[in-house]
Amino acid sequence: MTFSRDDQQLLAFDHGIMTEFDNFIALKAHQPIVNHLKNLNVGEHVYIFGEKSSGRSHLAKAMCVYHTNRRSLYLPLSELKFLDKRMLEGINQVDLICVEDIDLLVDNPVQQVILFDLINLCKAYNVSMLITARFKPANMDNWLPDLKTRLQAMCCWQLPQMMDDEKAIILEFWLKKQNMFLEPEIIHYVFKNITRDLKESKDLLESFARHCMKIKKTPNIKAIKEYSG
């Protein structure tokens, strides 16, 4: 389930083929993290941090999808913008909670108190928890000391920073999964000349591939240059 900020209710968790462990292209350094999340103990709390486009969101969603025997609550702060106190109600009815991008709560002590209370309730009711952020807890300044202590006590994993060649492999895999076939040189052109952000590259290449299929044009470097403007 995911929490809807607009009408303050729980909605069915929406996911696609790119939010499953099987579709997470894991580098060697990723594998222990994936294995840990697949075998997460009841009541265990895990903290994952990494740069933008390092795979944090994919892993958080995959957790909810993979553990089908657990009632999951997915809270993406990049979309919700804030935590609501009403999220604390009925925590004992949930088995697993994933809270994404808690670094967005920096300099917001009111929100940090809600997160602190949420963690404590999960501990009390033996609810498993996955928290993601861009930074490790030790580097989070201006945070409530007690909350920082709670976060530091969690099992902490750092997602490795990926090179462009590794990102290209991931993009090629994702595109093929959706029956979109682009030459590697097009993918590398996007990284070198347009954006090195994995999500932005993915969105651009998917849109470009659909555009070429729609107008029945062969995708090539000239075409991506024209499309990207």
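Helices here are DSSP runs of H or I with at least four residues, and strands are E runs of at least two, numbered from the N terminus. By that count, the protein has nine helices and seven strands. The model is a predicted one.

Start with the whole chain. The protein has 229 residues, and 47% of them are buried. Its accessible surface is about 12,100 Å². Carbon and sulfur atoms account for 49% of that surface. Now take the contacts between residues at least 6 apart in sequence. Of these, 72% join residues at least 24 apart.

Next, move to the loop between helix 7 and helix 8, where Asp197 sits. Asp197 has a relative accessible area of 13%, so it counts as buried, the cut-off being under 20%. Setting aside neighbours within four places in sequence, Asp197 is in contact with Lys52 and Ser53. The C-alpha atoms of Asp197 and Ser54 are 9.5 Å apart, although 143 residues separate the two in sequence.

Ser201 belongs to helix 8, which covers residues 198-215. Is Ser201 buried or exposed? Ser201 is buried, because its relative accessibility is 0%. Beyond residues up to four places away in sequence, Ser201 touches Leu171, Val190, Phe191, Thr195 and Arg196.

Helix 7 (residues 184-193) leads on to helix 9 (residues 221-228). The axes of these two helices come within 9 Å and cross at roughly 35°. The crossing is right-handed. Helix 7 brings Glu185, Ile186, Tyr189 and Val190 to the contact. Helix 9 meets them with Ile221, Ile224 and Lys225. Five of the residues in this contact are nonpolar, two are charged and none is polar.

Most residues other than glycine have a negative phi. Asp101 has a positive phi, near 60°. Asp101 lies in the loop between strand 5 and helix 4 (109-124). It counts as buried because its relative accessibility is 13%. Asn126 is not a glycine either, yet its phi is positive, at about 60°. Asn126 is in the loop between helix 4 and strand 6. At 45% relative accessibility, Asn126 counts as partly exposed.

Finish at Phe82, in the loop between helix 3 (77-80) and strand 5 (96-100). Phe82 is partly exposed, with a relative accessible area of 32%. How far apart are the C-alpha atoms of Phe82 and Leu104? They are separated by 8.6 Å, while the two residues are 22 apart along the chain.

Conventions: Residues numbered from 1 in each chain as written. Predicted model: local features only at pLDDT ≥ 70, side-chain atom pairs only at ≥ 80, totals over all residues. Heavy atoms only, no water. Buried < 20%, exposed > 50% of the residue type's maximum accessible area, 1.4 Å probe, protein only. Contact = heavy atoms within 4.5 Å. Areas by Shrake-Rupley, 256 points an atom, 1.4 Å probe, with all protein chains shown as cover. Axes fitted to C-alpha atoms, helices over the stretch in contact; angles between N-to-C directions. Left-handed = near helix turned anticlockwise from the far one by under 90°. Nonpolar A, V, L, I, M, F, W, Y, C, P; charged D, E, K, R; others polar.
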